[in-house]
Every structure is written in C-alpha cells, then in structure tokens.
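I opened this notebook to record what I looked up in one structure. The entries follow in the order of my reading.

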Amino acid sequence: MPHPTSLSTSSDFRRVLAHGRRRDTAAGTVYVAPGPDAAGPARLGLIVSRRIGGAVARNRTKRRLRAAFRSAWTGIGHDVVIRAAPEARTLAFQELEKSLGGAA
C-alpha cells in the first residue's frame, strides 16, 4: 500500500520532472512542482540509480533522503522529486538537511 505522502505513479514523476522548478544541490537534483492538493502534504518521489551503489547502499540513501526531507521541507501542497547524486551516499545528515531545505 503506497504511503499518502509519496509519489507512486510514473505520470506524477513525469509531470514533476517536465514542469517542475529544478535546483541542483549537494544531495542531487531537486524538482518541485505544485501538487494536486494545494493544502495537502508535500509528496516525495526518489530516483536513486545504481551509480549510488548496490541495493544496500541505495536503500540506505533513500531512507536518509526521506528523513532529511521530512525534517527540512517546509512547503505544503508540492510534489518533489529528488534525483540522488552519488555524493548523497556519503554526505553527513546535516548536509542533506541543509541542501534539501535550501531547495524549497
């Protein structure tokens, strides 16, 4: 069962990647677009490729990005897609928070 605050369909990902504002950060490239519910919570989608590492490294990176997003993101009603950079794997958690908070 998908979490209500995550992007799950490819059409949502495509819409955010095509029409969202793009910002390069230390964690990767962050795309932000208005969501379907302006008063609803921000929804997050992650793109973590094999360039990050094996399955364990990719899953750990996804967990860290989700946690940093929850603590740093202030916008409501937005859809956010993060395309993780290989450096996201080794960044300190405070740096992840700072880079995602600045992308708002």
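I took buried to mean under 20% relative accessible area, exposed over 50%, and partly exposed in between (1.4 Å probe, protein chains only). The model is predicted, so I noted that local features need pLDDT of at least 70, that side-chain atom pairs count only at pLDDT 80 or more, and that totals for chains, interfaces and linings use all residues. Residues are numbered from 1 along each chain as its sequence is written, and side-chain values use heavy atoms, with hydrogens and water left out.

Entry: salt bridges. I counted a side-chain nitrogen of Lys or Arg within 4 Å of a carboxyl oxygen of Asp or Glu. The structure holds 5 of them. Arg43 pairs with Asp12, the closest N and O atoms being 3.6 Å apart. This pair links distant parts of the chain, 31 residues apart: Arg43 lies in strand 3 and Asp12 in helix 1 (residues 10–19). Helices (H or I, at least four residues) and strands (E, at least two) are DSSP runs, numbered from the N terminus. Both Arg43 and Asp12 are buried.

I then looked up Asp79 and Arg15, whose side chains meet in a salt bridge at 2.2 Å, N to O. Asp79 is in strand 4 and Arg15 in helix 1, 64 residues apart. Asp79 counts as buried because its relative accessibility is 1%; Arg15, at 26%, counts as partly exposed. Salt bridges with shared partners join Asp12, Arg15, Arg43 and Asp79 into one network.

Entry: strand 3. I found 4 of the 5 residues of strand 3 (residues 43–47) buried, so the strand is largely enclosed by the rest of the structure.
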